[in-house]
Amino acid sequence: ERTWAVFSVTGAMPNAIQETWHKIITEFFPTSVYQPTKEMDIEVYPDGDMDSDNYKSEIWIPVVKQK
């Protein structure tokens, strides 16, 4: 059983996923009550035009609540 922080990504690859990772590391985790477990992260890439500005993907990161 895991708790996951799930981030939606919209935009052309690979820039959109790289920009989202940057925001997760520099904005989300420093201000969140959650910390990454440092286990396997998941990037979800559905079928579609990965060069499209409207392409949707996701980043899943296992987290634990800080005490």
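The scale I used calls a residue buried under 20% relative accessible area, exposed over 50% and partly exposed in between (1.4 Å probe, protein chains only).

Before going on, I noted that this is a predicted model, in which local features need pLDDT of at least 70, side-chain atom pairs count only at pLDDT 80 or more, and totals for chains, interfaces and linings use all residues. Residues are numbered from 1 along each chain as its sequence is written, and side-chain values use heavy atoms, with hydrogens and water left out.

Entry: aromatic rings. I counted 3 aromatic pairs. Rings of Phe, Tyr and Trp (its six-membered ring) pair if their centres lie within 6.5 Å; planes under 30 degrees apart are stacked, over 60 edge-to-face, and the rest tilted. One of the pairs is W4 with W60, edge-to-face, with 5.9 Å centre to centre and 65 degrees between the planes. I placed W4 in strand 1 (residues 3–10) and W60 in strand 4 (residues 56–65), so the pair links distant parts of the chain, 56 residues apart. Strands here are DSSP runs (E, at least two residues), as helices are (H or I, at least four), numbered from the N terminus. W4 is partly exposed, with a relative accessible area of 31%.

Next I turned to F28 and F29. Their ring centres are 5.0 Å apart and their planes stand at 70 degrees, so this pair is edge-to-face. F28 is partly exposed at 27% relative accessibility, whereas F29 is buried at 14%. I also found F28 and F29 in one aromatic cluster with F7.

Entry: surface patch. W4 came up again, in a nonpolar patch with V6, M40 and I42, with about 360 Å² of accessible area together. Patches take residues with over 30% relative accessible area and no salt bridge, joining like charges within 9 Å and nonpolar side chains (Val, Leu, Ile, Met, Phe, Trp, Tyr) within 5 Å. The areas come from the Shrake-Rupley method with a 1.4 Å probe, and for residues only the protein chains shown count as cover. I42 sits in strand 3 (residues 42–44) and is partly exposed at 31%.

Entry: salt bridge. I found 1 salt bridge, defined as a side-chain nitrogen of Lys or Arg within 4 Å of a carboxyl oxygen of Asp or Glu. It joins E39 and R2, at 2.9 Å, N to O. E39 lies in the loop between strand 2 (34–36) and strand 3, and R2 in the segment before strand 1, so the pair ties together parts 37 residues apart in sequence. I noted E39 as partly exposed at 36% and R2 as partly exposed at 47%.
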